[in-house]
Amino acid sequence: MSRSALVENVMAMLEDAGFLVSDRCAIRPKSFDIAARRGEDVLLLKILGNIDAFDAQTGGEMRRLGTYLNATPIVVGLRTRDEELKPGVVYFRHGVPVLSPDTAMDLFVEEVPPLIYAAPGGLYVNIDSEILADVRENRDWSLGRLAKELGVSRRTVSKYEDGMDASVEVAAELEDLFDAPLTSPVSVLDGAEEVRDDEPTPDDPAVAPEDEPIVTVFTRIGFEVHPTDRAPFKSVNESDDEHGQVLAGHSAFTETAEKRARIMSSVGEVTRTRSVYVVDELRRESVEGTALIEKEEMENIEDAIDLRDLIMERGEEPEEVA
């Protein structure tokens, strides 16, 4: 299956599952392909045939964007260079959960979360430590007795009851011994923090010199600016008050800029953010909801209210400027 067909299939699957799905981010470089929202669950998805193509820089940016936009970064892929991804298993690349299309279908359409995750050494599951301790005590087994049944040390059994995860084989043996479900799902939509790689999120990239005047304006009027380097927008700008978040882009108004502004509008609808594109010369007032503002006009904005009003005024309907 081609990557393009895979992206289309994932988008259709999410729409069938009741998600609002953004336009495809058909520009380069790009850290994610689509954004999607169902209720309060927001996803940023990268879709790949071979997940080995997912690099650390892209993973770092997806995790940063997930933090800023209150979204879960996810990779959907078919295989590594060595093997097909197994259904029902969560993998990880650079701290981002990775699912096969079948696993994604189970999670988003059937609403059946995966139970197994891959980590160095094999496949593992979350053991519900409280239930394990209860069923062991109800059977009047000591830690030593259970350790002997499993062929492990008493210390290992104690760790299971303290919250340590177990291999798939050990979990299956535990459930057979006690004839009870002892595993808990992997919380993918919460970022799978309980099993995710313990990998710190990289700092924001440096601001490009040509964008420094725009960043200065956002900072001056009270926004915290988070630059990006692999997104259709140049920055995510956060305000602690009612002005919320603004996605911002900046360049001459070219065909590529128009495409970026259109994608920003679509992503903004999903993530509930406003979007603005700063251009060198104003030829129209908006692109499908993304407000266009001339650079000199942007630099003269006095406060966040002025910016909000301008975005709302221009972002309503695309309009050619005479």
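Trainee: How much space lies in the largest pocket?
Mentor: About 290 Å³. A pocket here is an open set of points on a 1 Å grid over the protein atoms alone, where a 1.4 Å probe fits, with protein on both sides within 12 Å along at least five of seven lines; lining residues have an atom within 4 Å of a point. The volume is the space filled by probe spheres set on the points, which are joined across faces, edges and corners.
Trainee: And what should I know about the model itself?
Mentor: This is a predicted model, where local features need pLDDT of at least 70 and side-chain atom pairs count only at pLDDT 80 or more, while totals for chains, interfaces and linings use all residues. Residues are numbered from 1 along each chain as its sequence is written, and side-chain values use heavy atoms, with hydrogens and water left out.
Trainee: Which residues lie nearest the centre of the largest pocket?
Mentor: Gly66, Ala71, Thr72, Pro73 and Gly191, out of 18 lining residues. Two or more residues of that lining come from each of β3 (41-50), α2 (56-68) and β4 (72-79). Helices (H or I, at least four residues) and strands (E, at least two) are DSSP runs, numbered from the N terminus.
Trainee: Which element gives the most?
Mentor: α2, with three residues.
Trainee: Is α2 mostly covered or open?
Mentor: Mostly covered: ten of its 13 residues are buried, meaning under 20% relative accessible area with a 1.4 Å probe and protein chains only. Among the buried ones are Thr58, Glu61 and Gly66. The cover includes β3, β4, β6 (96-99), β11 (224-227), β12 (235-238) and β13 (245-251).
Trainee: Switching topic, what lines the second largest pocket?
Mentor: Arg3, Arg28, Pro29, Lys30, Lys46, Leu48, Ala53, Phe54, Asp55, Thr58 and Arg230. That pocket holds about 190 Å³ of space.
Trainee: Where does Arg230 lie?
Mentor: In the loop between β11 and β12. Arg230 is buried, with a relative accessible area of 18%.
Trainee: Which side chains does the side chain of Arg230 make polar contacts with?
Mentor: Thr58 at 2.6 Å, and Asp55 at 3.3 Å. A polar contact is a pair of N or O atoms within 3.5 Å; within protein, one must be able to donate a hydrogen and the other to accept it, and residues adjacent in sequence count only if both atoms are side-chain atoms.

Definitions and conventions:
Buried means under 20% relative accessible area, exposed over 50%, partly exposed in between (1.4 Å probe, protein chains only). Contact means heavy atoms within 4.5 Å.
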